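These are my notebook entries on one chain. I wrote down what I looked up, entry by entry.

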Amino acid sequence: MTTSEVTVPAAKVKRRRAMGAGRQLHAGPVTYVVLTVFALASLAPLVWTAIAASRTAHRLDQTPPPLWFGGNLFKNLQSAWDQAGLGTAMFNSLIVAGTITVSTVLFSTLAGFAFAKLRFRFSGLLLLLTIGTMMIPPQLAVVPLYLWMSDLGWSNQLQTVILPSLVTAFGTFFMRQYLVQALPSELIEAARVDGASSLRVVWHVVFPAARPAMAVLGLLTFVFAWNDFLWPIIALNQQNPTVQVALNSLGTGYVPDQAVIMAGALLGTLPLLIAFLLFGKQIVGGIMQGAIKG
């Protein structure tokens, strides 16, 4: 077989691949059915929470349960807001979740860049130790962490919740894995040749390249910090609560009002829904851009 006979089929294969790459794929009916089922299953808990929040506690105790909205939604929302003091709790949660998100994204990106592109002694060991901390149950750190915060005089203060979460092992590992593929070493070397300092390299090279992963990490961190319950319920009290700690007070009493509890849960979920509606397009775009770079 001659070289020309081998080259011709190879050229045809490349041409076909190029044509296939430019062709737009269309989803079939089965795809739409599967996506619809998954979307409805994902929305079902939120819809049921809204239905229960619009009913009375007596109606929720009956069988069969209500399957449509009632007329007590705004009354229950007002009751939950007043009983749990959600105004202060929302403000505190915004401070806690916002601070944790910004610090985690910043420090995790810096640490991930160091592990991905810088060469220093014991980098592999330090990365292994960082990953190893993810395997330690967080419940084991509750007692020593509480004693530490008490020694600092920070009991029942927001910094008690913020400080332990300023950076996470998951965020560091996540950003390291992304930057290994998305940030070419040649780009860093070119910036060094042009006389850029380490700070300029990070600001003008690393951060733009890591922006998609930073958006995803920011969303995940904000959701986790907003929904965190174990450590805030131990570190804070009802006079200075986050949302989850405040909602816990709705379940007290001899006969808790399930409709008011559901209304409080709905109020606690609304900020996350608003955040995703506002930034969901950028986050999904960041995920797709990161996938293309990878």
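Entry 1: I began with the largest cavity, and its volume is about 50 Å³. I work on a 1 Å grid over the protein atoms alone, where a cavity is a set of points where a 1.4 Å probe fits but cannot get out. Grid points are joined across faces, edges and corners, and a volume is the space filled by probe spheres set on the points. By this rule I count one cavity of 30 Å³ or more.

Which residues line the largest cavity? I list S93, V96, A97, V161, A225, W226, D228, P232 and T242. Lining residues have an atom within 4 Å of a point. α5 gives the most, with three residues. By type, the lining of the largest cavity has six nonpolar residues, two polar and one charged. For these classes, Ala, Val, Leu, Ile, Met, Phe, Trp, Tyr, Cys and Pro count as nonpolar, Asp, Glu, Lys and Arg as charged, and the others, Gly among them, as polar.

**Entry 2: ground rules.** I note that the model is predicted, that local features need pLDDT of at least 70, that side-chain atom pairs count only at pLDDT 80 or more, and that totals for chains, interfaces and linings use all residues. Residues are numbered from 1 along each chain as its sequence is written, and side-chain values use heavy atoms, with hydrogens and water left out.

**Entry 3: the whole chain.** I find 14 helices and zero strands. Helices (H or I, at least four residues) and strands (E, at least two) are DSSP runs, numbered from the N terminus. Of the 294 residues in the chain, 32% are buried. Buried means under 20% relative accessible area, exposed over 50%, and partly exposed in between (1.4 Å probe, protein chains only). I also looked at contacts between residues at least 6 apart in sequence, and 72% of them join residues at least 24 apart. Contact means heavy atoms within 4.5 Å.

**Entry 4: the pocket.** How many residues line the largest pocket? I count 31, and P138, P164, S165, T168 and F224 lie nearest its centre. A pocket is an open set of grid points with protein on both sides within 12 Å along at least five of seven lines. The volume of the largest pocket is about 1100 Å³. At least two lining residues come from each of α5, α6, α7, α9 (169–182), α11 (198–227) and α12 (230–235). This lining has 23 nonpolar residues, seven polar and one charged.

**Entry 5: α9 against α11.** The axes of these two helices, α9 and α11, come within 10 Å and cross at roughly 145°. Axes are lines fitted to C-alpha atoms, for helices over the stretch in contact, and angles run from 0 to 180 degrees between N-to-C directions. I note that α9 passes α11 in a right-handed crossing. A crossing is left-handed if the near helix is turned anticlockwise from the far one by less than a right angle, and right-handed if clockwise.

On the α9 side, the contact is made by F170, G171, F174, M175, Y178, L179 and A182. On the α11 side I list V206, A209, A210, P212, A213, M214, V216, L217 and L220. The residues of this contact divide into 15 nonpolar, one polar and no charged.

I then checked A182, which lies in helix α9. A182 counts as buried because its relative accessible area is 12%. A182 and V206 are 24 residues apart in sequence, and their C-alpha atoms are 9.6 Å apart in space.

**Entry 6: A89.** Is A89 buried or exposed? It is buried, because its relative accessibility is 0%. A89 sits in helix α5. Leaving out residues up to four places away in sequence, A89 touches P241, T242, V243 and A246. A89 and Q238 are 149 residues apart along the chain, yet their C-alpha atoms are separated by 9.2 Å.

**Entry 7: two loop residues.** I looked up F122 in the loop between α5 (86–117) and α6 (123–132). Phi of F122 is near 65°, a positive value in a residue other than glycine. F122 has 54% relative accessibility, so it counts as exposed.

N156 is in the loop between α7 (142–152) and α8 (159–162). Its phi is near 60°, also positive in a residue other than glycine. N156 has 33% relative accessibility, so it counts as partly exposed.
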